[in-house]
Amino acid sequence: MIGEKAGVVTKFREKVQSANGGRDFWTFHCILHQEALCCKSLKMDNVMKVVIQTVNFIRSRSLNHRQFDSLLREKDHIHGLPYHTEVRWLSRGAVLRRFFDLREEIEQFMEEKGKPVLEFHSAEWMQDLAFMVDVTEHLNNLNKQLQGRNKVVTQYYDSIRSFKLKLSLWETQLAGGDAAHFPCLKNVCATQHVADMKRFKDKITALLREFEQRFQIFGELEKDFNVFCSPFTVNPSDLPVSIQLEIIDLQCDSDMKGKFAAAGLDTFYQNLLPGYPNLTALAAKLLCMFGTTYLCEQVFSVMSINKTKLRSRLTHKHLNHILKLAATQDVTPDIDALVKAKRCQVSGVK
(Lines give C-alpha, C1' and ligand atoms only; values in the text may rest on other atoms or scores of the structure.)
Protein backbone atom coordinates (compact mmCIF):
# COMPACT_ATOMS: atom_id res chain seq x y z
CA MET A 1 0.00 0.00 0.00
CA ILE A 2 2.63 2.57 1.02
CA GLY A 3 5.75 1.44 -0.85
CA GLU A 4 7.94 4.41 -1.77
CA LYS A 5 8.28 3.49 -5.47
CA ALA A 6 5.65 0.90 -6.35
CA GLY A 7 3.05 1.28 -3.60
CA VAL A 8 -0.61 2.00 -4.31
CA VAL A 9 -0.39 5.43 -2.65
CA THR A 10 2.65 6.41 -4.72
CA LYS A 11 1.09 5.38 -8.02
CA PHE A 12 -2.20 7.00 -7.12
CA ARG A 13 -0.41 10.25 -6.25
CA GLU A 14 1.44 10.26 -9.59
CA LYS A 15 -1.79 9.63 -11.51
CA VAL A 16 -3.81 12.31 -9.71
CA GLN A 17 -1.07 14.93 -9.82
CA SER A 18 -0.49 14.38 -13.54
CA ALA A 19 -4.21 14.84 -14.16
CA ASN A 20 -4.57 17.90 -11.88
CA GLY A 21 -1.44 19.79 -12.83
CA GLY A 22 0.70 18.81 -9.84
CA ARG A 23 -1.68 19.84 -7.07
CA ASP A 24 -1.15 18.71 -3.49
CA PHE A 25 -2.07 15.12 -2.76
CA TRP A 26 -2.77 14.46 0.91
CA THR A 27 -2.19 11.03 2.43
CA PHE A 28 -2.39 9.96 6.06
CA HIS A 29 -3.05 6.82 8.06
CA CYS A 30 -6.28 5.98 9.88
CA ILE A 31 -6.53 8.39 12.83
CA LEU A 32 -7.91 5.67 15.11
CA HIS A 33 -4.98 3.38 14.38
CA GLN A 34 -2.54 6.24 14.88
CA GLU A 35 -4.09 7.00 18.26
CA ALA A 36 -3.81 3.33 19.22
CA LEU A 37 -0.11 3.33 18.28
CA CYS A 38 0.42 6.43 20.42
CA CYS A 39 -1.14 4.53 23.34
CA LYS A 40 1.29 1.66 22.84
CA SER A 41 4.20 4.08 23.30
CA LEU A 42 3.10 4.49 26.93
CA LYS A 43 4.87 1.53 28.50
CA MET A 44 5.10 0.77 32.22
CA ASP A 45 6.01 -2.90 32.16
CA ASN A 46 6.60 -2.98 35.92
CA VAL A 47 2.84 -2.40 36.34
CA MET A 48 1.41 -4.38 33.43
CA LYS A 49 3.48 -7.50 34.11
CA VAL A 50 2.16 -7.81 37.68
CA VAL A 51 -1.42 -7.00 36.67
CA ILE A 52 -1.51 -9.52 33.79
CA GLN A 53 0.08 -12.31 35.85
CA THR A 54 -2.38 -11.77 38.70
CA VAL A 55 -5.42 -11.60 36.41
CA ASN A 56 -4.33 -14.74 34.55
CA PHE A 57 -3.83 -16.61 37.84
CA ILE A 58 -7.39 -15.78 38.87
CA ARG A 59 -9.12 -16.18 35.51
CA SER A 60 -7.28 -19.10 33.88
CA ARG A 61 -8.08 -21.56 36.68
CA SER A 62 -11.80 -22.28 36.94
CA LEU A 63 -11.68 -22.97 40.71
CA ASN A 64 -9.87 -19.71 41.39
CA HIS A 65 -12.29 -17.86 39.17
CA ARG A 66 -15.36 -19.23 40.96
CA GLN A 67 -13.89 -18.58 44.39
CA PHE A 68 -12.91 -15.03 43.49
CA ASP A 69 -16.39 -14.30 42.07
CA SER A 70 -17.90 -15.69 45.27
CA LEU A 71 -15.68 -13.34 47.29
CA LEU A 72 -16.82 -10.38 45.16
CA ARG A 73 -20.50 -11.27 45.66
CA GLU A 74 -19.98 -11.35 49.42
CA LYS A 75 -18.69 -7.79 49.19
CA ASP A 76 -21.50 -6.65 46.83
CA HIS A 77 -19.35 -6.32 43.72
CA ILE A 78 -21.24 -7.09 40.50
CA HIS A 79 -18.45 -7.20 37.91
CA GLY A 80 -15.33 -9.33 38.11
CA LEU A 81 -11.92 -9.10 36.46
CA PRO A 82 -11.74 -9.10 32.64
CA TYR A 83 -8.88 -10.64 30.68
CA HIS A 84 -6.30 -8.36 29.10
CA THR A 85 -6.28 -8.64 25.31
CA GLU A 86 -3.45 -6.86 23.51
CA VAL A 87 -5.27 -6.42 20.18
CA ARG A 88 -8.31 -4.76 21.77
CA TRP A 89 -7.55 -1.08 22.11
CA LEU A 90 -9.70 -0.41 25.19
CA SER A 91 -8.71 -3.60 27.00
CA ARG A 92 -5.73 -2.26 28.92
CA GLY A 93 -7.67 0.63 30.44
CA ALA A 94 -10.62 -1.60 31.39
CA VAL A 95 -8.40 -4.20 33.08
CA LEU A 96 -6.39 -1.60 34.98
CA ARG A 97 -9.53 0.16 36.21
CA ARG A 98 -11.10 -3.07 37.53
CA PHE A 99 -7.79 -4.17 39.06
CA PHE A 100 -7.43 -0.86 40.88
CA ASP A 101 -11.04 -0.85 42.12
CA LEU A 102 -10.72 -4.45 43.40
CA ARG A 103 -7.17 -4.16 44.75
CA GLU A 104 -8.18 -4.95 48.33
CA GLU A 105 -10.15 -8.06 47.32
CA ILE A 106 -7.34 -9.19 44.99
CA GLU A 107 -4.74 -8.75 47.73
CA GLN A 108 -6.86 -10.77 50.18
CA PHE A 109 -7.54 -13.55 47.67
CA MET A 110 -3.93 -13.89 46.55
CA GLU A 111 -2.71 -14.11 50.16
CA GLU A 112 -5.26 -16.86 50.86
CA LYS A 113 -3.92 -18.76 47.85
CA GLY A 114 -0.33 -18.42 49.05
CA LYS A 115 0.58 -16.13 46.12
CA PRO A 116 0.83 -12.70 47.76
CA VAL A 117 1.32 -9.71 45.46
CA LEU A 118 4.19 -7.96 47.22
CA GLU A 119 3.84 -4.89 44.99
CA PHE A 120 0.66 -3.92 46.86
CA HIS A 121 2.92 -2.96 49.80
CA SER A 122 5.14 -0.77 47.62
CA ALA A 123 4.08 2.90 47.67
CA GLU A 124 5.93 3.67 44.44
CA TRP A 125 4.32 0.75 42.57
CA MET A 126 0.84 1.72 43.75
CA GLN A 127 1.43 5.25 42.49
CA ASP A 128 2.54 3.87 39.12
CA LEU A 129 -0.61 1.72 38.99
CA ALA A 130 -2.84 4.68 39.83
CA PHE A 131 -1.16 6.83 37.18
CA MET A 132 -1.62 4.13 34.55
CA VAL A 133 -5.32 3.79 35.46
CA ASP A 134 -5.88 7.52 35.02
CA VAL A 135 -3.91 8.03 31.81
CA THR A 136 -5.35 4.94 30.06
CA GLU A 137 -8.84 6.11 30.99
CA HIS A 138 -8.12 9.47 29.32
CA LEU A 139 -6.81 7.65 26.24
CA ASN A 140 -9.85 5.35 26.12
CA ASN A 141 -12.17 8.37 26.23
CA LEU A 142 -10.31 9.85 23.27
CA ASN A 143 -10.59 6.56 21.37
CA LYS A 144 -14.36 6.49 21.94
CA GLN A 145 -14.65 10.07 20.67
CA LEU A 146 -12.91 9.07 17.45
CA GLN A 147 -15.33 6.20 16.82
CA GLY A 148 -18.70 6.50 15.13
CA ARG A 149 -20.28 7.32 11.81
CA ASN A 150 -21.12 10.55 9.97
CA LYS A 151 -17.99 12.40 11.06
CA VAL A 152 -15.88 14.80 9.02
CA VAL A 153 -12.09 14.69 9.17
CA THR A 154 -12.04 18.11 10.86
CA GLN A 155 -13.98 16.67 13.80
CA TYR A 156 -11.32 14.00 14.29
CA TYR A 157 -8.64 16.68 14.14
CA ASP A 158 -10.48 18.76 16.76
CA SER A 159 -10.47 15.78 19.15
CA ILE A 160 -6.74 15.16 18.59
CA ARG A 161 -5.88 18.85 18.98
CA SER A 162 -7.92 19.04 22.16
CA PHE A 163 -6.13 16.02 23.63
CA LYS A 164 -2.71 17.46 22.79
CA LEU A 165 -3.63 20.64 24.66
CA LYS A 166 -4.73 18.51 27.62
CA LEU A 167 -1.37 16.71 27.55
CA SER A 168 0.43 20.06 27.64
CA LEU A 169 -1.69 21.13 30.61
CA TRP A 170 -1.02 17.87 32.49
CA GLU A 171 2.67 18.16 31.74
CA THR A 172 2.79 21.60 33.35
CA GLN A 173 0.67 20.57 36.33
CA LEU A 174 2.63 17.39 37.06
CA ALA A 175 5.89 19.34 36.85
CA GLY A 176 4.51 21.45 39.70
CA GLY A 177 3.36 18.40 41.69
CA ASP A 178 -0.35 18.89 40.90
CA ALA A 179 -2.33 15.72 39.99
CA ALA A 180 -5.73 17.43 39.72
CA HIS A 181 -6.78 15.51 36.59
CA PHE A 182 -5.48 12.15 37.83
CA PRO A 183 -8.00 11.20 40.55
CA CYS A 184 -6.62 7.72 41.28
CA LEU A 185 -3.07 9.03 41.62
CA LYS A 186 -4.32 11.88 43.81
CA ASN A 187 -6.22 9.41 45.99
CA VAL A 188 -3.17 7.15 46.44
CA CYS A 189 -0.87 10.09 47.21
CA ALA A 190 -3.32 11.32 49.85
CA THR A 191 -2.95 8.08 51.83
CA GLN A 192 0.80 7.67 51.25
CA HIS A 193 3.82 9.92 51.10
CA VAL A 194 3.95 12.51 48.34
CA ALA A 195 4.94 10.98 44.99
CA ASP A 196 7.77 12.08 42.76
CA MET A 197 5.69 13.59 39.98
CA LYS A 198 8.69 14.11 37.70
CA ARG A 199 8.62 10.53 36.42
CA PHE A 200 4.94 10.90 35.55
CA LYS A 201 5.60 14.24 33.89
CA ASP A 202 8.25 12.55 31.72
CA LYS A 203 5.70 9.92 30.64
CA ILE A 204 3.24 12.63 29.60
CA THR A 205 6.01 14.48 27.73
CA ALA A 206 6.90 11.33 25.77
CA LEU A 207 3.22 10.72 24.99
CA LEU A 208 2.78 14.30 23.76
CA ARG A 209 5.88 13.95 21.57
CA GLU A 210 4.39 10.78 20.05
CA PHE A 211 1.13 12.56 19.25
CA GLU A 212 2.99 15.50 17.70
CA GLN A 213 5.04 13.18 15.51
CA ARG A 214 2.20 10.96 14.29
CA PHE A 215 -0.26 13.79 13.59
CA GLN A 216 2.14 16.38 12.20
CA ILE A 217 0.49 16.25 8.75
CA PHE A 218 -2.61 17.90 10.19
CA GLY A 219 -0.52 20.93 11.11
CA GLU A 220 -0.01 21.45 7.37
CA LEU A 221 -3.75 21.19 6.74
CA GLU A 222 -4.84 23.36 9.66
CA LYS A 223 -5.36 26.46 7.52
CA ASP A 224 -7.65 24.57 5.12
CA PHE A 225 -9.51 23.09 8.08
CA ASN A 226 -10.08 26.59 9.53
CA VAL A 227 -11.49 27.86 6.22
CA PHE A 228 -13.78 24.86 5.98
CA CYS A 229 -15.06 25.00 9.58
CA SER A 230 -15.15 28.79 10.12
CA PRO A 231 -15.39 30.57 6.76
CA PHE A 232 -17.03 33.62 8.39
CA THR A 233 -14.28 34.25 10.96
CA VAL A 234 -11.05 33.60 9.03
CA ASN A 235 -8.91 36.50 7.86
CA PRO A 236 -8.99 36.64 4.02
CA SER A 237 -5.47 38.11 3.84
CA ASP A 238 -4.08 34.90 5.41
CA LEU A 239 -5.59 32.69 2.68
CA PRO A 240 -4.48 31.80 -0.86
CA VAL A 241 -5.20 34.45 -3.49
CA SER A 242 -7.60 32.17 -5.39
CA ILE A 243 -10.06 32.06 -2.51
CA GLN A 244 -9.73 35.50 -0.90
CA LEU A 245 -12.46 37.27 -2.89
CA GLU A 246 -14.90 34.40 -2.40
CA ILE A 247 -14.38 34.48 1.36
CA ILE A 248 -15.01 38.25 1.46
CA ASP A 249 -18.24 37.86 -0.55
CA LEU A 250 -19.37 35.04 1.71
CA GLN A 251 -18.59 36.91 4.95
CA CYS A 252 -20.66 39.88 3.75
CA ASP A 253 -23.66 37.70 2.85
CA SER A 254 -26.02 37.85 5.88
CA ASP A 255 -28.36 35.24 4.42
CA MET A 256 -25.56 32.69 4.01
CA LYS A 257 -24.30 33.44 7.52
CA GLY A 258 -27.72 32.50 8.91
CA LYS A 259 -27.79 29.28 6.88
CA PHE A 260 -24.31 28.35 8.11
CA ALA A 261 -25.43 28.70 11.73
CA ALA A 262 -28.56 26.61 11.15
CA ALA A 263 -27.21 23.80 8.95
CA GLY A 264 -24.37 21.31 9.29
CA LEU A 265 -21.10 21.67 7.42
CA ASP A 266 -21.91 19.10 4.74
CA THR A 267 -25.44 20.48 4.18
CA PHE A 268 -24.19 24.07 4.00
CA TYR A 269 -21.57 23.37 1.34
CA GLN A 270 -23.97 21.23 -0.69
CA ASN A 271 -26.33 24.20 -0.99
CA LEU A 272 -23.64 26.82 -1.53
CA LEU A 273 -24.34 29.05 -4.50
CA PRO A 274 -22.40 28.54 -7.78
CA GLY A 275 -20.55 31.80 -7.19
CA TYR A 276 -18.02 30.11 -4.91
CA PRO A 277 -16.25 27.51 -7.10
CA ASN A 278 -12.90 27.47 -5.24
CA LEU A 279 -14.51 27.33 -1.80
CA THR A 280 -16.83 24.55 -2.95
CA ALA A 281 -13.87 22.61 -4.38
CA LEU A 282 -12.02 22.90 -1.05
CA ALA A 283 -15.09 21.70 0.84
CA ALA A 284 -15.53 18.76 -1.54
CA LYS A 285 -11.91 17.74 -1.04
CA LEU A 286 -12.25 17.77 2.76
CA LEU A 287 -15.65 16.11 2.86
CA CYS A 288 -14.40 13.15 0.81
CA MET A 289 -11.44 12.54 3.13
CA PHE A 290 -11.92 9.45 5.30
CA GLY A 291 -10.47 10.22 8.72
CA THR A 292 -10.65 6.62 9.95
CA THR A 293 -11.37 3.12 8.66
CA TYR A 294 -14.13 2.76 11.27
CA LEU A 295 -16.82 1.86 8.71
CA CYS A 296 -14.59 -0.77 7.08
CA GLU A 297 -13.76 -2.32 10.45
CA GLN A 298 -17.42 -2.30 11.44
CA VAL A 299 -18.56 -4.01 8.25
CA PHE A 300 -15.78 -6.59 8.59
CA SER A 301 -16.94 -7.32 12.14
CA VAL A 302 -20.50 -7.80 10.91
CA MET A 303 -19.24 -10.23 8.26
CA SER A 304 -17.21 -12.18 10.84
CA ILE A 305 -20.26 -12.49 13.11
CA ASN A 306 -22.57 -13.69 10.33
CA LYS A 307 -20.20 -15.87 8.30
CA THR A 308 -19.74 -18.82 10.63
CA LYS A 309 -19.35 -22.55 10.04
CA LEU A 310 -22.79 -23.18 11.52
CA ARG A 311 -24.49 -21.14 8.78
CA SER A 312 -23.91 -23.61 5.98
CA ARG A 313 -26.77 -22.27 3.81
CA LEU A 314 -25.48 -18.69 3.82
CA THR A 315 -24.70 -17.78 0.20
CA HIS A 316 -22.56 -14.94 -1.12
CA LYS A 317 -25.76 -13.18 -2.19
CA HIS A 318 -27.20 -13.36 1.33
CA LEU A 319 -23.94 -12.12 2.83
CA ASN A 320 -23.84 -9.27 0.33
CA HIS A 321 -27.34 -8.16 1.39
CA ILE A 322 -26.38 -8.37 5.08
CA LEU A 323 -23.30 -6.20 4.54
CA LYS A 324 -25.27 -3.66 2.51
CA LEU A 325 -27.73 -3.26 5.39
CA ALA A 326 -24.86 -2.97 7.88
CA ALA A 327 -23.10 -0.30 5.82
CA THR A 328 -26.26 1.69 5.12
CA GLN A 329 -26.36 4.89 7.14
CA ASP A 330 -29.30 7.01 6.03
CA VAL A 331 -31.76 4.51 4.52
CA THR A 332 -34.50 3.01 6.68
CA PRO A 333 -36.64 0.05 5.54
CA ASP A 334 -40.30 0.64 4.69
CA ILE A 335 -41.76 -2.30 6.62
CA ASP A 336 -45.37 -1.58 5.61
CA ALA A 337 -44.55 -1.64 1.90
CA LEU A 338 -42.56 -4.86 2.29
CA VAL A 339 -45.43 -6.55 4.14
CA LYS A 340 -47.99 -5.47 1.54
CA ALA A 341 -45.86 -6.98 -1.21
CA LYS A 342 -46.08 -10.40 0.45
CA ARG A 343 -48.99 -12.76 -0.04
CA CYS A 344 -50.65 -13.88 3.19
CA GLN A 345 -50.94 -17.60 3.89
CA VAL A 346 -54.71 -18.07 4.15
CA SER A 347 -56.08 -20.96 6.18
CA GLY A 348 -58.16 -23.59 4.35
CA VAL A 349 -60.84 -23.52 7.04
CA LYS A 350 -63.86 -21.37 6.09
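F28 comes out as partly exposed, with 23% relative accessibility, while F218 is buried at 3%. Here buried means under 20% relative accessible area, exposed means over 50%, and partly exposed is in between (1.4 Å probe, protein chains only). This is a predicted model, where local features need pLDDT of at least 70 and side-chain atom pairs count only at pLDDT 80 or more, but totals for chains, interfaces and linings use all residues. Residues are numbered from 1 along each chain as its sequence is written, and side-chain values use heavy atoms, with hydrogens and water left out.

## Aromatic pairs

Rings of Phe, Tyr and Trp (its six-membered ring) pair if their centres lie within 6.5 Å; planes under 30 degrees apart are stacked, over 60 edge-to-face, and the rest tilted. That rule gives 19 aromatic pairs. F28 and F218 make a tilted one, 5.2 Å centre to centre with 55° between the planes. F28 sits in the loop between α1 (8-19) and α2 (31-40) and F218 in helix α11 (residues 217-229), so the pair ties together parts 190 residues apart in sequence. Helices are DSSP runs (H or I, at least four residues), numbered from the N terminus.

Y157 and F225 are also a tilted pair, because their ring centres are 5.4 Å apart and their planes at 55°. Y157 belongs to helix α8 (residues 153-175) and F225 to helix α11, so this contact bridges 68 residues of sequence. Both Y157 and F225 are buried.

Ring pairs join up a cluster whose members include F28, Y157, W170, F218 and F225.

Key: Helix = DSSP H or I, 4+ residues; strand = E, 2+ residues; numbered from the N terminus.
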